[in-house]
Structure formats: structure tokens, C-alpha cells
Amino acid sequence: MVTYVFDGSMEGLLTAIFEYYEYKPGKIQLVWNKHYQPTMLGETHTIINDKAKGERVWNGLKKKMSADWLMKFYRAYLSEVPQTFQDLFDFARYIFDNPKGAEKNFGNPHVMAVSKMNRMVGRERHRFTAFIRFQETADGIFYAPAEPDFNVLPLIANFYKNRFADQKWIIYDIKRKYGLYYDLNTVQTISFEFIQNIDTSKKRLSNDLVSNSEELTSLLWKDYFNSINIPARKNMKLHIQYLPKRYWKYLNEKDDKN
Amino acid sequence: MSDRIREKLSILADAAKYDVSCSSSGSTRKNDNKGLGDSSASGICHSYTEDGRCVSLLKILLTNHCIYDCAFCVSRKSNDIKRAAFTVDEVVNLTINFYRRNYIEGLFLSSGIFKDADFTMERLLRIVKKLRLEERFNGYIHLKTIPGASPELLSEAGLYADRMSINLEMPTERGLKLLAPDKSHDEVKKPLGFIQNTITKFKDEKKTGLIKSIPKFVPAGQSTQMVIGATPETDMEIMYSANQYYKDYKLKRVYYSGYIPISYDDRMPQIGSQPPLLRENRLYQTDWLMRFYGFEVQELLNPKNPHLDTDIDPKLSWALRNPEQFPVDINTADYRMILRIPGIGTQSALKIIQARKFGKLRSDQLKKIGIAYNRAKFFIRCADSPYQLNDPEPQHIKHLILSESNSKYLKVPQNQLSLF
């Protein structure tokens, strides 16, 4: 067995698939360099990203699969889960080695693995269309910190761009240390420096940074949230199932429950 | 200033919370004027209350002053509660400020009837018009149709709302007359029919292709709600009524709201008694079977079985009553029949249909596809099913399934068991 070590990028993953077909080394194991531990036995091959090779594999997948499956492939990739990288590698091989339409074979373990991860990432994406809470800053930008389980920011950029077309906003991924900024025209990727005057360890902006209406609006939202609860129907199990506790710290309506 | 708006919001949100609809799906309104908001076809729940209900819309009454005295309603005239009313600007500002922070998908606006139907409807209309035309708001708006309001007002409101609804309140006319003698189902049917006809008219005009841009008219359709357990209807009466409204008015949803006692009126369950949550759940399951699983309501409820089982869900109950339909061969049966197998949902059924083209499916593959195998196994045959001489008795299957599952409801005392 040969171990392929790659850098966790899409280009790296696609290059690895290309090189598999170049050398046909037999069974291979794909490892993210972040998690790679050299072993005494066994052959190792380090993948050097190659744009041209990556594009050829991507176009090959495009020819063999429908557009929604390309999207599933990309979404599963955004999970950043080590096992999923291996699943995607095996899935791509399965697609290339079989006639067109093979992605519909849900009896195949690689199809099922990618399909399942696509759903998990899709669910996380949906949550981050729902559980983002903006705070209006004194200079009129709406800021929201976030900590998604998977790297879903690329999947929600358009959603927020269409929705809040007439307001400037920032969504910042605290775990991955990058964010999105919409300047009324385009969405750009921003790094930590862009928001360095904000203390990202605190979930709420300090009073000197927020707009005049921010405090009252947040208070009214909490009032509203408390008023619509029906105590006679209380069902905390269901509540937590829908609103897992790890998201609470970013939801102002749950402030007193954190 | 801020105290007054806080108090108003608490009163008027509290009064609106018994309307269970919180759906924000089904609209196609796009942000094409570079304004605020864009509706999401699938709807989004931005939060959940501690009772596990979705919070998608800012759901408020314009006012809880009301000229009616319906026994089941918390805002009834004779009830001694705090009353309040929002101004047009207050509702508009709350909606916009909440929406900009991504707290909500939009507004659900209802109202008590003050003065008369037209006066109330005209006020509601003023709010939605301001949101759409002045604030260029493209988020979701669910607007209550006020029974008795003039057709002119309704046709105008439909141009700005995504969904409109009127509540039947009680599942049958008889039940309604008992608790709200001033109201009738005919008053509901008239505007439901009027709006449905207008929706069809707009759609037909669009089909002709003669006029380039037909405005949207109630793009997310109409819904209604009935209160369950305040009056003595059977499950059969409730679901037959729902079925009729789905058919006659092409409703998008019928909501079933378990009655939460809010009054000492002795015609209804007393304050402090448990709301009928299990019953509500079974009714929703039946509703889903009718809308997504191809069941006719008569198959699930009929004079022989006028009530839904409490210990098992209606799909399993149907399967056990019709053992001659099973076992179903996963590898050959049509989609319609696969959907009818307990433990298999719409998603898994579609996957099965696609996957079996590549070879006969085995039980381990079915498990991976995600069916509830422990339930389904009594009703299916697949590639590796052992040969069986005779099929087990329905009662025996029911016992086996119940012994393996533990329902969340069995721990909660049910209404039916009340000692008093």
C-alpha cells in the first residue's frame, strides 16, 4: 500500500486522483499532511499541487456526473474530515472506473459515504443561514462571529449577499480565522487584520462599538423570544435537538442560558 | 419610551403565539430591487422555543382588542387581560430591525377585530404596503385574512403577502357553534375561495404569455388551523374536514393545534390539564401520509377505525390492518408501495429505486441507505431475506416492535387517563 500525503486543499485532492491514474500504484491511503505520521515501512508519495492536473480531473468528473453531484463532491470536501478525503478519493475512482450514472448506486459504500457527508455539510450550511446573529456597529456594518463545525462560509456567501443587498456585513469564522465582507457590491474574503479592533474572544461587541439602536433591538428580540414560549408544552429534549447547545453562545436570545 | 414598546411586544406576541403556523417556505420573492431580503424556498427556522417550536417569523397581533367573544381565544372580549395596539411604524420598524440582524425570515401579522372587518383589514394592508413599497422589503409576509373584509381589500393584500390564512378554529361547524356562536365556517370558506380563485386567475394569465410581468399573488398559498381537543370531534371528523379543505381550496397546510386551556369555561378542558400533544402528533403524521405518501384519508380513518392509535403511528397501524399487502419485495415493488412500508421514508424510497438498478439490494445496504430496519424488516423481502413458511401475525409484530421502541409520550400522563 502506498500513502499519498496531500495538503488538504481541493487542488491537492484532485492532483492525487490524477497521479493515481498516472502511476496506478494499487491500493492507496490518502492522508492530510496535518495528520501525517511517518512510518518505518510502506511507501510514501507527497502530492505537489498541480493546477492543470486538478482541472483535468475536475472536468473528467464533470463529464461523468450531473451538476448536483459535483456540488455534493465539493460540499463533502468542505467537511475537512480526514476520512472524507479518503472517501472522496475512492468515490472518484469508482466514478471513473464505471459507466456514466454510477453515482446513483446508493448500494455502493463510497457513494453512500459521500452522500452522507454532503447531507451533514448541507445541514451545517442551513444552520448558518439560520443561527447567524448580526450586531450593528456604530459605523453601520453588521457583524456576526461564527464557529461552524465545517467550513461552510463559501456556501453561504451568496445567500447573505442576496438577502442583505443594501447593508454592509461581516461574517467571521473564529475557528478558521477568516471571514466574509460585503461592501454593497461584492463579497470578499478577509483575514484577521480586517477586524483587529474587535475582540473575537467575546461574542458580543462592546458598548462603544455598537450602534444606538443595537441594545434595544437585542432586548426586544429576547423579550419576543420569551413571550412566545408556551410553558404548558415545554419539551427541552426537542428544543436541544433542534438547537444544539454548541450554537447557543452566538444566539443572543439564549444569553442568560449560557 | 423603550419600556412601552417592550410591554406592547410582550402582550401582542403572547396573544399571537397560539397560532401555530410559522412556516416561511414556498415563496419565490427575489431581491431584485437591491432592497432588503430574499425569501428562501425551503424556509428557515431562526430559533426554537423551549417547547420545541420553530421561530421563523415575527408573529404578532396588531392589536388584541376584539369585538368577538370566542370561548377558546385568549383575546376574547370578556377576558380580563391587558390590551395594547401597535402603530403602523412600530410594526414596520420591528420587522426591519429584526430582519437586518438575521433574527427572522419575515412577519406574521394577525389582529383582533376592532370596529369591523374592513377597518381591521385596511390597517393590516397599510403595514404590508409600507414594508413592500417604502422599505423595499422582500422577506416573507404571512398575513391573516379577516373574515368579512371586502374583496377589494383582499385582492390588494394578496399582491404584497406571500401567504394568507384564515383559521377554521374548530374542525366542524357543530364544534364552532358551541364555542363561538357568532362565527361560522361559511365565513371562512368565502374568502378562502375568493383568494384561491384569484391565485388561479393570476396563474392562468401567466400561462397565456401575453402579458410580460404578472405580479405575484399570494405565492406561498393559503393555510388554516384548527384547534384540537377543545370540542369532542373524532380524529376521523378532524381529518375528513382537513382533507375536504385541502381538496376544495388547494391549501398548502392545515395546522392542528392542541388546545391549551386558557379559560374556566366549563364547556372545555380546565386550566392545568395537559394539552393533547400525542394526539396532535398523530394527526400531523396522518396529514403527512395524505400529502406525501399517497394515502387516501379513508384508508387511515373510517367508521370502523374513527380514532388513530395512540401506541403506534398511523402508517404502522395501516400496515398491521392490511397484512395481505405484505411482505413487499424491495427489489421489484413500485415506488408507491415502497413508500407504504413502515420504517421507510420518501428519501430512502427514492434511493432504493435508484440503487436497485445496479443489482439486487441486501439488508446491509438497506441499513446504510438509512431505513428504520428494525421496523421495516417485518414487512419486506430483499436479496438476503431468509425463506419463511408463514408470515407472523399482526398482533405479534406489533408486540415485537413496541417491545423494542420506547415512545417519548408514554412517560407523560395523557389526557385520557385523567382521574378527574
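**Notebook: domains and chain contact**

I looked up the UniProt annotation "domain: Radical SAM core" from an unreviewed entry, which covers residues 61-190 of chain B; positions follow the numbering used here, feature names are shortened, and annotations may be inferred rather than shown by experiment. I note that this is a predicted model, in which local features need pLDDT of at least 70, side-chain atom pairs count only at pLDDT 80 or more, and totals for chains, interfaces and linings use all residues. Residues are numbered from 1 along each chain as its sequence is written, chains are lettered from A and ligands numbered from 1 in the order in which they are written.

Helices (H or I, at least four residues) and strands (E, at least two) are DSSP runs, numbered from the N terminus.

I then took the division of chain B into domain 1 (2-300) and domain 2 (314-404), with bounds from an automatic or database domain assignment. Their C-alpha centres lie 38 Å apart. Nine residues of domain 1 of chain B are in contact with seven of domain 2 of chain B, contact being C-beta atoms, placed from the backbone, within 7 Å. On the domain 1 side, H8(B) gives the largest share, five residues.

Lastly, I examined the contact between the chains, which takes 40 residues from chain A and 45 residues from chain B. On the chain A side, H7(A) supplies the largest share, eight residues.

Technical notes. Contact = placed C-beta atoms within 7 Å.
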